[in-house]
Each structure stands twice: as structure tokens, then as C-alpha cells.
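This report sets out how the parts of a structure are arranged and where they touch. Please view the sequence and the model together while reading.

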Amino acid sequence: MTYEARIGLEVHVQLKTRSKMFCACSAEFGDEPNTRVCPVCLGYPGAMPAMNREAVELTALTGLMVGAQVAPLSVFARKSYFYPDMPKNYQISQYDRPLCIGGAVAIEWEGREKLVGLTRIHLEEDVGKSSHFGTSSGVDFNRAGIPLMEIVTEPVLTAPEEADAFLQALRQMVRYAGVSDGNMERGNIRCDANCSVRLRGETALGAKTEIKNLNTFKGVLAALRYEIRRQQDVLAAGGRVAMETRRWDGETGTTASMRSKEEAHDYRYFPEPDLMPVAMAPEQLAALQARIPELPRARRERFCRDYGLPAYDSEVLAADKAVADFFDETARVSDNPKAVSNWMMTEVLAKLAETGRTLAETPVAPRQLAELIALVDRGQINMPTAKSLFATMFDKGGDPVALVEQEGLAQVSSADDIGAWARQAVEENPKSVADYRSGKKAALQFLVGQVMRRSRGRAHPQKAAEALEELLKG
Amino acid sequence: MDTASVTLGEALAGLDRGDWSSEELVSDLLARIEAGNGALNAYLDVDADDALSQARAADRQRARGERAPLLGAPLAVKDNINVAGQSCACASRILEGYKAPCDATAIARLRREGAVFLGRTNMDEFAMGSSTEYSARGPARNPRNPDCVPGGSSGGSAAAVAAGMALAALGSDTGGSIRQPAAFCGCVGFKPSYGRVSRYGLTAFASSLDQIGSLTRGVDDATRLFFSMAGPDARDATTVTLPLPAPEACRREDLKGVVIGVPKEYFPSALAPDVRAAVLAAAETCRALGAETRDISLPHTEYAMAVYYIVAPAEASANLARFDGVRYGRRAAGATSPMDLYCRTRSEGFGREVKRRILLGAYVLSSGYYDAYYLSAQKARTLIRDDFTAAFRDCDAILAPVTPSAAFRMGEKTEDPVQMYLTDVFTATANLAGLCALSLPCAMNADGLPLAAQLIGPAFREDAVLGAAAALERAWGGPTGWMGRRA
Ligand SMILES: [Zn+2]
């Protein structure tokens with residue numbers, strides 16, 4: 001018997017706003033516990049929420065990006081449950097009138113594009129963070145009140161890997177639009193998954209479980225793989241899957257029952273009386289529409305079309321908005337976009353990975369990278385020089401043309417100079433000369449290296465090889 | 001000077017003339033509190049040194065030639081409104097020892113205008129009650145007759161003003177909590193329209209109904225405090241930016257051209273005859289002042305109590321969830337888990353009436369019951385609001401009783417919550433519809449208890465209510481004139 005899985009995700013994305021959802025406290029990550037708090041986000045008596053309009057706009061912007069319907073009027077609601085990390089013991093969220101309805105996110109799945117349908121996107125406030133120390137517990141409320149966007153998919157994902165592809169695409173999109181930092185280690189994206197399994201060919205969905213505590217992409221994959229296997233085993237043994245909430249334990253790699261359907265919370269939702277409904281006027285939506293950046297897919301296509309890049313290059317470059325922007329600007333002022341792409345994918349990304357810096361944190365400007373490439377293309381410097389020059393530009397900054405001049409790095413192509421270095425190399429390395437003459441052509445590379453060393457890297461490598469071959473012929 | 005009868009306006013005039021200082025006013029009040037509060041329990045906390053130092057600071061400002069509308073004016077504040085550094089316990093054990101971290105917006109505005117904050121007045125715990133008998137700090141009593149309740153929930157504020165222990169006080173009104181005690185004690189109780197005075201810093205009971213207002217000895221004092229507190233506040237999203245009424249319109253001498261509606265549903269057969277007589281006499285005075293009175297109908301009035309006792313507890317059940325022993329206030333000892341901490345803290349900390357309403361509220365919001373209770377109540381609330389909208393097409397203000405009877409006796413209704421709830425029957429409609437309303441003392445009954453009439457105005461037309469009340473008060477001989485009238 002073959003089974004198939006149906007997965008729906010509820011993804012919580014922390015929005016990138018300066019202040020919290022309902023107060024003026026900073027929404028920055030980190031800092032000492034309970035230092036970014038005030039009477040509002042601590043739920044003090046008499047404190048009232050004041051809405052952060054930017055959070056509403058970022059959520060609506062996301063809605064527009066996925067083609068959702070942005071409601072002209074949406075309503076905040078109180079979701080009641082007691083938990084120590086909940087300052088008011090109710091969360092201000094949205095219930096029956098969310099900000100965005102419908103829409104879809106395009107993903108690559110099984111070699112084709114697939115649209116993953118969304119049920120809704122709504123806005124809510126984050127809660128604090130509990131920590132347990134032996135005999136006591138503490139709560140840090142710095143995170144309490146940070147705006148969260150909850151994105152709910154239809155149960156249309158068919159495999160853990162597809163869920164992963166969806167999360168990657170979503171993350172890429174929110175980062176592109178500056179909606180969120182999308183940093184999983186910092187808890188910017190958290191996720192719950194609904195999962196059910198049925199016999200292939202059946203039309204009704206099987207009994208589903210909800211898996212909580214999926215805080216890494218790897219965790220989502222592992223938990224869904226485990227849970228699908230578990231449900232299949234239950235069904236194969238003739239059992240029935242219990243509708244329940246389960247908790248993923250990353251340590252043991254298993255899910256365990258948290259509460260049954262009967263123990264499910266009654267959140268007692270009702271409209272938040274302290275906030276007015278959120279109105280979205282057509283003019284505001286038009287203004288947001290103008291804020292939508294070129295999204296990854298469109299950008300990949302354009303890179304292929306306008307710069308003649310292979311699909312692979314476009315995909316790598318478009319994955320991160322900062323990288324794509326940098327490439328775009330460099331390619332625009334360069335005569336050799338493919339060379340720019342090669343530089344980006346090798347030297348630039350390697351340097352970023354090696355130093356842990358972002359492009360914004362480096363002194364290199366797109367125009368400078370384009371000049372560096374032009375120097376190589378015009379034969380004014382050779383590739384090894386270019387690479388070491390780039391390292392200097394990346395670390396300390398500087399204009400490549402000026403640096404070449406200052407350091408005397410210009411490539412030497414004159415036959416006199418190269419001929420002199422080549423003669424020295426031949427005289428001083430009789431063994432290599434003998435090797436070459438006895439048919440070991442690789443010995444030539446050694447001799448070229450000797451020429452390069454004597455020229456302090458400036459000799460034109462091709463011309464050096466030609467000069468050596470000429471000498472050795474005789 | 002006699003602080004027992006002087007109005008806030010007269011006290012301020014005396015300060016301007018140099019007849020007395022703020023320090024003298026406050027000392028005099030403190031002496032009266034010292035002498036009288038033991039019997040009445042109107043105040044919960046008074047920090048005499050702090051009050052005197054605020055008064056001296058105001059006197060120094062005045063000596064430097066500075067002026068502000070309320071410079072040196074002492075005010076009593078209900079125990080659910082945050083005044084920075086003062087206790088704000090809502091007369092509940094669960095907030096024992098809790099000190100407000102900052103001023104409510106209304107307090108900040110009064111402070112900027114020079115007010116001095118005298119002390120904290122008694123109330124029904126979390127403003128849930130109509131007699132101030134549900135205070136964790138013991139009941140307050142009615143200064144007109146200590147065997148009677150002062151009304152509630154702002155009973156301490158009403159008793160303090162009526163007993164000469166405050167010139168004026170702040171209260172909060174969710175279903176009549178300012179107007180009903182004002183009627184029972186014989187002072188002017190004014191609830192502005194919902195959205196007019198910021199609720200930021202008012203410990204929430206029912207957020208869609210709560211409004212801060214005043215209890216004063218005269219109508220002009222109510223007008224004065226209203227203009228000091230009113231106006232939009234970025235920290236309360238439900239405040240409105242509509243312009244305030246013209247101050248002159250709040251200080252009328254006659255009622256020429258004014259149409260006053262008298263709703264038949266507010267005069268049921270169970271209405272006490274003395275209350276009926278007092279309100280009808282007020283209608284007579286309105287006509288004598290040039291108004292036309294017109295019989296009107298507010299047909300959905302009968303649903304008001306049911307709606308109120310669904311909406312208010314529902315909102316309260318969420319608003320009071322934050323009192324859990326985790327961050328501030330009382331924390332029960334010996335808890336073994338978070339749930340145990342909540343249960344112990346809330347069991348010890350809340351009184352019976354508060355628990356009753358939390359349970360009621362949680363029940364009507366529960367899945368499966370929401371539509372039948374909360375949603376139906378919201379629909380009925382719309383009908384009640386529509387009644388008033390229709391009525392105000394034909395009249396400028398509505399005249400009605402405040403309460404079904406004069407002040408009742410202590411203990412009379414504490415064992416029968418429904419009877420207690422019904423004392424709000426004529427007042428809760430203004431909260432449900434977001435209107436402004438005022439309780440004006442009219443006469444003394446045969447037992448020497450005050451009788452009052454209620455003026456209800458359209459939302460954001462406080463001038464309709466304050467103007468009519470000012471003309472009536474004047475017609476009866478000024479702020480104390482009602483005491484000589486019998487009904
Ligand atoms: Zn805050």
C-alpha cells in the first residue's frame with residue numbers, strides 16, 4: 001500500500017520594524033533580559049496598545065507580493081490563554097477578519113513551478129521567552145510585543161522537502177522585500193506544521209496532527225519525516241491516527257503528544273476593544289504596490305535575458321537580495337557580465353563566507369569590481385594579481401586603478417623583459433629543462449612559475465610560456 | 001472658607017484672590033479626612049505629606065506669577081486610575097501594594113493644569129459593583145446616612161465629595177459607576193462620551209464601556225474638569241479627534257429652543273415614586289427655562305441589562321487575566337507550577353463578585369456559546385445605539401432617572417446579585433451607546449436622601465448635557481439649591 005502525506009504550515013515571521021507592535025520599545029534582537037520593556041508590553045494595569053502602522057504595511061506588502069486579497073477592513077482580536085510568557089494572558093492577534101486572504105507562493109518542486117496556496121496572513125504580537133534554571137524559571141519580555149506575521153498555507157504540501165522548498169522561497173521573499181531579516185537562529189521565522197497521511201487515491205484528508213516547536217529548517221524536515229513515518233506505521237498496523245498536538249524534540253528526533261483534541265485550548269477570541277479596525281485605503285495599497293521589489297524569480301529571468309547568464313549563475317546570484325543587487329549594479333557598468341558573475345560566485349561569495357561580513361559591511365563598490373575586471377580584460381593585470389588586489393580592496397578598500405599604479409602591479413608584456421626572466425629561469429633550472437626536453441611537458445608550468453616569481457607576479461603568463469617554449473625549442 | 005461646601009471653581013477663585021493658599025485648602029481637607037474617614041471609609045490611601053508638598057509647590061508657582069487653570073486645586077482619585085508613585089490597587093487584594101509606574105493620560109493633563117492629587121478613593125473591587133460594598137478594603141458609607149450605601153462603583157469618590165473630604169473627585173463609569181453614586185450621595189456625576197477622555201492609565205474593567213469622569217459639587221466644576229481632561233491621545237486608539245464643544249454652550253442660563261426627550265421606558269411602574277416626582281419636577285423646570293419636553297420611546301431599553309452583563313464580563317474576563325502573580329502585585333506562596341500559581345494567586349486575590357464576573361465572561365466567550373451570547377449581545381447593543389440615534393434626531397438631550405430608587409441600605413442587595421445589577425438599569429444604556437450623561441441632584445426625599453435626574457446627550461455633544469444641567473442648577477439656586485427642594 002502506498003501512502004501520501006498532506007502538510008500545511010503556519011509560519012510566524014518576525015517583522016523588521018524599529019519598534020514593537022503596540023508600544024515604542026525597540027524591536028532589536030538581543031540585549032539584557034527585560035531591558036526593552038514598558039508598561040504596555042509588560043501588560044501593566046491601565047496600559048493600552050497603540051498600533052504600529054509600519055507592521056500593518058509590511059504585512060499588507062507581503063500580501064500583495066503573494067497575490068493575496070488585502071482586506072479593506074481587518075480586525076484585531078484577543079486570544080486568551082494563560083502562560084507565563086504572555087504579559088496580558090491574552091495575545092492581540094487577528095481571528096475572523098485577517099489582514100490578507102488567499103494568495104500563493106511559487107516554489108520549484110519536482111522540476112516544475114508549483115503554486116502553494118495560502119489561506120491567510122494575519123498580524124499578531126510575539127510573546128516573551130521562558131528560561132528554566134534548575135529550581136526556578138525566568139521570563140525575558142524583550143521579545144514580547146514584537147510584530148509577528150502569521151502565514152497559513154492550505155494543506156497542499158506533499159512532502160517534507162516540499163515544505164522546505166516553500167519555507168526557503170518564503171524566506172527569500174520576505175528578505176527581498178525587507179519585511180523580515182528572516183534569520184532562523186534569531187527566531188525570526190518559526191513554524192508549526194499540520195500533517196496527515198492517507199492512502200494514495202483517497203480524496204478525504206486523513207486525521208491530522210499539529211507539530212509545534214519547529215524552529216529550524218532542518219527541524220521542519222526532520223520532524224515531518226518522522227511524523228509521516230509514524231502515521232504510516234500507525235495506519236499500516238491497522239490503527240487510527242489521533243487528532244492531537246505534538247511537540248518536536250530535536251534532541252531525540254521524535255514527536256510526542258502534547259495535548260489531545262479534547263484538551264485543546266478554547267482561546268475565547270473576541271474583537272480587541274482597545275483598537276480600531278485597520279482600514280486599508282486603495283491609495284495606501286497602491287503606494288505599497290510600488291514598494292514591491294523585483295522578486296527572485298523575475299530577477300533570475302532578467303539576469304539570464306539581459307546579461308546572458310546561464311540559469312545556474314542566475315539562481316545563485318538571485319538567492320540573496322544584497323548579492324543580486326551588487327551583481328546587478330556591477331554588471332550594468334561592466335562590459336563583461338559573465339566575468340562579473342564568475343567573480344561574484346567565486347571570489348566575492350568566498351570572501352563573504354570567510355569573513356562572515358555582509359556586502360554592506362565591505363568597502364568594495366560595484367564600480368570598483370567592474371574596473372578590476374576591466375583591468376584583467378584589457379590585459380593590464382593578470383588573474384593572480386587581480387585576486388590579490390581584490391583581497392586588498394575587500395579588506396581595506398581602495399580603487400583598483402590607483403592601487404595598480406601605487407604598487408606597480410601592471411602586467412608586463414614586453415618581450416625584452418619577459419625574455420630576460422625566461423633566460424634566467426632556464427639557466428637556473430637545468431633539471432626542469434631536461435625534463436621538458438625528455439617529454440615532460442608539465443615542467444613548463446614550473447618554469448612559468450619561475451618567470452612569474454622573478455617578475456613579482458606581473459609577467460603576462462601566456463607570453464611567459466611562449467617565450468620559454470621558444471628558448472627550449474633550440 | 002468652608003471646604004465642606006465650597007466648589008472647585010470657588011476654591012480656585014479664592015486662590016486667585018489670595019483668600020487662601022493651596023496648602024491651607026489641602027490641610028483643611030486632610031483634617032476633615034482625618035476626622036471623618038474612619039466612619040465613611042471613603043479614602044483608601046492618603047499620603048498627607050505628599051499632598052501637602054504638591055500643594056506647596058503649587059503655591060510657590062503661584063507666588064512666582066505662574067497661572068494654570070487648576071493650579072493648586074486638590075482632587076481625590078478613584079483607586080483604579082494611575083497616579084505615578086501612588087498606590088493603584090482597584091480596592092483589590094490582588095494589587096495590594098502595587099504602585100503606579102506612571103500617570104494616566106487624564107492625570108497627566110490635570111497635573112499639567114496644576115491639580116494636586118490628594119488620595120485614593122474607595123470603590124467596588126475592579127469597579128464591579130453598585131454599592132462599594134465589594135471593596136476588599138471594607139465598604140464605604142453614604143455621608144447623608146451612614147446606614148445606606150454611597151452607591152458604586154465610584155462610591156468613595158462620591159462620599160468624599162459629599163462629606164466635604166474632597167472638593168471634587170475622579171471616577172470611572174462603565175455602567176453607571178459615576179452617575180449612580182453621585183445620585184445616591186448628592187453630587188454632580190459626569191460621564192463624557194466614550195472616546196472623549198483617554199482611558200490610558202485607567203485600569204480596564206470593560207474596555208468598550210469604561211470612561212473617566214468627575215464627581216463634583218457643581219455643574220461648572222464638571223465642565224472645568226472635562227475640558228482639562230478631554231481630547232485625543234495617541235496612547236488610546238479609541239479617543240476621537242472631533243473638536244470639543246464650545247465652552248459657552250456648556251454654561252447656559254436658559255433652555256430656549258432646546259428639545260428634551262423623556263423616554264417612557266425609563267419610568268416603569270417599579271420606579272420609586274420620589275424618584276419619579278423629582279425627575280418630573282426637573283422636566284417642569286426645563287419647560288420653565290424655555291425648553292420643550294417631548295415624550296419619546298427607546299424601545300430596546302429592556303435588553304440593556306442583559307447586553308451589559310454579557311459585554312462587560314466578557315471584556316473583564318480578558319482584562320483581568322493579567323493579574324496572575326508573575327510580574328507584579330500579589331503572588332501566592334507555595335505554588336508548584338505556573339497553573340498552580342495562577343489558581344492560588346487569583347483565588348486569594350480576587351473577591352467573590354470579581355470571580356463571578358470573570359466566570360460569566362469566560363462562559364459567554366466560550367466556543368459554542370459565543371454566537372448565542374456575545375454576538376447576540378453585540379447585535380442588541382447596536383439596536384440600543386440606533387434607538388438613541390433616532391431619538392436625537394428630534395431632541396437635544398434626554399431626561400431620565402439615574403436610579404430606580406434613592407440610596408438603599410447597606411447589605412440590602414449584596415446577597416442578590418441580580419437586584420444589585422438592576423440598579424444600573426437606567427445608566428448602562430449611555431455606556432452601551434457611547435453617549436455622554438450626567439447625574440444632577442434635584443431634591444431631598446422624605447428620608448433626607450438625595451434624589452437625582454439624569455441628562456443624556458448625543459455622543460460628543462457634552463454641551464447638550466452640561467448646558468442643560470447648568471441651567472437647571474442655576475434655576476434651583478446654585479450648586480446647593482437642590483438640598484432645599486423636596487420630593
Ligand atoms: Zn514596550
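In chain A, helices α2(A) and α3(A) are roughly antiparallel to each other, a term that applies to angles over 145 degrees, while angles under 35 degrees count as roughly parallel, 65 to 115 as roughly perpendicular and the rest as oblique. Helix α2 (residues 160-176) of chain A and helix α3 (residues 217-236) of chain A pack at an angle of about 155 degrees, and their axes are 9 Å apart. Axes are lines fitted to C-alpha atoms, for helices over the stretch in contact, and angles run from 0 to 180 degrees between N-to-C directions. Helices (H or I, at least four residues) and strands (E, at least two) are DSSP runs, numbered from the N terminus.

This is a predicted model, in which local features need pLDDT of at least 70 and side-chain atom pairs count only at pLDDT 80 or more, whereas totals for chains, interfaces and linings use all residues. Residues are numbered from 1 along each chain as its sequence is written, and chains are lettered from A and ligands numbered from 1 in the order in which they are written.

**Helix pairs of chain A**

The crossing of α2(A) and α3(A) is right-handed. A crossing is called left-handed if the near helix is turned anticlockwise from the far one by less than a right angle, and right-handed if clockwise. On the side of α2(A), the residues A:Pro160, A:Ala163, A:Asp164 and A:Leu167 meet A:Phe217, A:Val220, A:Leu221, A:Leu224 and A:Arg225 of α3(A). Two residues are in contact if their C-beta atoms, placed from the backbone, lie within 7 Å. By class, this contact has seven nonpolar, no polar and two charged residues. Ala, Val, Leu, Ile, Met, Phe, Trp, Tyr, Cys and Pro count as nonpolar, Asp, Glu, Lys and Arg as charged, and the others, Gly among them, as polar.

A further pair is formed by helix α13 (residues 430-437) of chain A and helix α14 (residues 443-454) of chain A, whose axes come within 8 Å and cross at roughly 145 degrees. The crossing of α13(A) and α14(A) is left-handed. Here A:Ser432, A:Asp435 and A:Tyr436 of α13(A) meet A:Ala443, A:Leu444, A:Phe446 and A:Leu447 of α14(A). The residues of this contact comprise five nonpolar, one polar and one charged.

**Sheets**

Strands of a sheet pair through backbone hydrogen bonds, either parallel or antiparallel. Chain A has an open sheet of three strands in the order β5-β4-β16, with antiparallel pairing. β5 (90-94) and β16 (270-271) of chain A stand at the edges, each with a single partner strand, so one side of each has no neighbour in the sheet. Strand β4 (residues 76-80) of chain A is joined to β5(A) by five bridges, and A:Ala77 has A:Ser93 in β5(A) as its bridge partner. Two strands pair if DSSP finds at least two bridges between them.

Chain B holds an open sheet of 11 strands with mixed pairing, in the order β1-β3-β2-β4-β6-β5-β10-β11-β9-β7-β8. Its edge strands, β1 (43-46) and β8 (292-296) of chain B, each pair on one side only. Neighbouring strands of this sheet are turned by 30 degrees against each other on average, direction ignored. Within it, strand β9 (residues 397-401) of chain B and strand β11 (residues 450-457) of chain B pair in the antiparallel sense over four bridges; B:Leu399 has B:Leu455 in β11(B) as its bridge partner.

**Domains and contacts**

Domain bounds come from an automatic or database domain assignment. Chain A is divided into domain 1 (3-287), domain 2 (296-407) and domain 3 (415-473), and chain B into domain 1 (8-261 + 393-484) and domain 2 (302-377). The table gives the separation of two domain pairs.

| Domain pair | Distance between C-alpha centres |
|---|---|
| Domain 1 of chain B and domain 2 of chain B | 27 Å |
| Domain 2 of chain A and domain 3 of chain A | 32 Å |

In chain A, four residues of domain 2 are in contact with four residues of domain 3.
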